[in-house]
Structures are given as C-alpha cells and as structure tokens.
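Here are some exercises to work through with the model open beside you. Try each task before reading its solution.

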Amino acid sequence: MRSLEQVLTDGIRDIPDYPQAGVMFKDITPLLADHGGFAQVVDALAESGRDADGNAVIDKVVGIEARGFILAAPVALALGAGFVPVRKKGKLPAATYEESYALEYGEASIEVHQDAFEPGDRVLVIDDVLATGGTVEACLRLVRRCGAEVVGTTVLLELSFLPGRERLAGEQLTALVTV
C-alpha cells in the first residue's frame with residue numbers, strides 16, 4: 001500500500017496558468033479517480049473527527065462549495081455524521097444565514113441553511129485548499145452563528161506561501177499536505 005504522502009504526490013497535479021496567467025492550479029481530479037488513493041484521503045481527513053480511541057466525536061461535517069463537497073460527503077459517511085453544504089450565495093432553497101469575505105478583487109458571500117445544525121452540534125469543516133483563509137473564516141462564522149461548535153477544520157492542501165494559517169490563528173487546523 002502506498003503512503004498517504006505518495007498518494008497525494010501522485011494524485012495532485014500542477015496546471016500552470018490556470019485559470020489565469022501566473023496561477024499554479026492544484027488539480028485533484030487524478031486523486032479522485034484513484035479509488036484506493038481517494039479512500040486513503042477520506043480516511044485521513046476523517047481522523048480529525050475522531051478521538052484517540054478512534055470514536056467519532058462530531059455530529060456534522062461541513063463541505064465548502066465546490067470541491068469541499070467532494071471530500072466532505074464521504075468523510076461524513078465514514079464518521080456516521082450528517083453532511084452540511086456551505087454554498088455560494090443564492091444556491092440554497094430555504095432560509096439561510098450569509099457571511100461575506102474579501103477576495104483579491106471584490107467580495108464574495110457564502111450561505112448555510114438556518115436549520116442545518118442543532119444547538120451544540122459538534123462540527124468538522126472540510127475543504128480542498130487553504131489559501132488566504134477568507135472562505136474558511138466566513139464558514140466558521142456561519143457555523144457558530146447557527147449555534148454549533150467547530151471541532152476543527154481539515155484541508156487536503158495548504159498553500160504555505162499564502163496567509164491562511166495566520167488568518168485562522170487559534171483555530172484547530174489540519175492539512176494533509178502543505179506546499
């Protein structure tokens with residue numbers, strides 16, 4: 001069996017100048033297509049939702065649109081927890097809470113259903129990439145606004161040359177790989 005490090009090295013490819021010149025896009029589609037590798041990654045992500053004895057300690061797993069959905073849904077199944085999507089503004093049909101955050105040029109908003117959590121639910125947030133931390137920070141505000149407790153945030157990939165970790169100082173943050 002390949003190590004998690006090898007699975008991640010093999011499964012994440014660099015696409016230069018996508019979606020614009022000067023950006024090195026981290027493409028996870030090869031990883032998703034590798035059943036064994038994808039299963040290892042789901043197990044590794046789920047570890048953040050377990051105690052030292054391997055018991056699940058969370059009630060809900062949040063996935064941030066869009067690639068976070070792909071990772072968070074199977075993590076929720078692995079932990080026996082519910083899955084909650086945090087979506088871009090205007091994509092959810094029922095009453096929502098909204099949080100905005102700054103982008104390089106402008107602002108964006110994400111939303112969650114107001115009834116997505118029970119008060120006191122223990123929540124694990126999953127996303128694909130931690131870059132500047134703005135999206136994750138807004139997501140954490142949404143979860144807490146709903147009366148739930150954030151147990152931790154786990155990402156597949158952390159971009160260390162951007163300030164995401166500093167922005168989330170004081171939060172329980174795990175990255176499977178840092179570049």
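**Exercise 1. The sheet**

In which sense do strand β3 (residues 60–64) and strand β4 (residues 82–88) pair, and over how many bridges? Then place this pair in the sheet.

Solution. A word on the source comes before the steps: this is a predicted model, in which local features need pLDDT of at least 70 and side-chain atom pairs count only at pLDDT 80 or more, while totals for chains, interfaces and linings use all residues. Residues are numbered from 1 along each chain as its sequence is written, and side-chain values use heavy atoms, with hydrogens and water left out.

Step 1. β3 and β4 pair in the parallel sense, over 5 bridges. Two strands count as paired if DSSP finds at least two bridges between them; strands themselves are DSSP runs of E with at least two residues, helices are runs of H or I with at least four, and both are numbered from the N terminus. Within this pair of strands, Val61 stands opposite Phe83 in β4.

Step 2. Now widen the view: 7 strands make an open sheet of mixed pairing, ordered β5-β6-β4-β3-β7-β8-β9. At the edges stand β5 (96–103) and β9 (173–178), each with a single partner strand, so one side of each has no neighbour in the sheet. From one strand to the next, the twist averages 20°.

Step 3. Helix α3 touches β7 (122–130), β8 (149–158) and β9, and its direction makes about 145° with that of β8. Helix α5 (residues 134–145) touches β3, β4, β5, β6 (106–113), β7 and β8, with its direction at about 160° to that of β5. Contact here means heavy atoms within 4.5 Å. Axes are lines fitted to C-alpha atoms, for helices over the stretch in contact, and angles run from 0 to 180 degrees between N-to-C directions.

**Exercise 2. Two partners of α3**

Solution. Step 1. Helix α3 (residues 35–46) and helix α4 (residues 67–79) pack at about 70°, their axes 9 Å apart. The two are therefore roughly perpendicular, since angles of 65 to 115 degrees count as such, under 35 as roughly parallel, over 145 as roughly antiparallel and the rest as oblique.

Step 1. Phe38, Val42, Leu45 and Ala46 of α3 make the contact with Ile70, Leu71, Pro74, Val75, Ala78 and Leu79 of α4. By class, these are 10 nonpolar, no polar and no charged residues. Ala, Val, Leu, Ile, Met, Phe, Trp, Tyr, Cys and Pro count as nonpolar, Asp, Glu, Lys and Arg as charged, and the others, Gly among them, as polar.

Step 2. Turn to helix α1 (residues 4–11): the axes of α1 and α3 come within 10 Å and cross at roughly 120°. That pair is therefore oblique.

Step 3. Here Leu4, Val7 and Leu8 in α1 meet Gly37, Gln40, Val41 and Ala44 in α3. The contact of α1 with α3 has 5 nonpolar, 2 polar and no charged residues.

**Exercise 3. Backbone details in the loops**

Which residues does a cis peptide bond with omega of about 5° join?

Solution. Step 1. The bond joins Tyr18 and Pro19, and Pro19 lies in the loop between β1 (13–16) and β2 (24–27).

Step 1. Asp17 lies in the loop between β1 and β2 too. Its phi is near 60°, a positive value in a residue other than glycine.

Step 2. A cis peptide bond also runs from Glu65 to Ala66, with omega near 0°. Ala66 belongs to the loop between β3 and α4.
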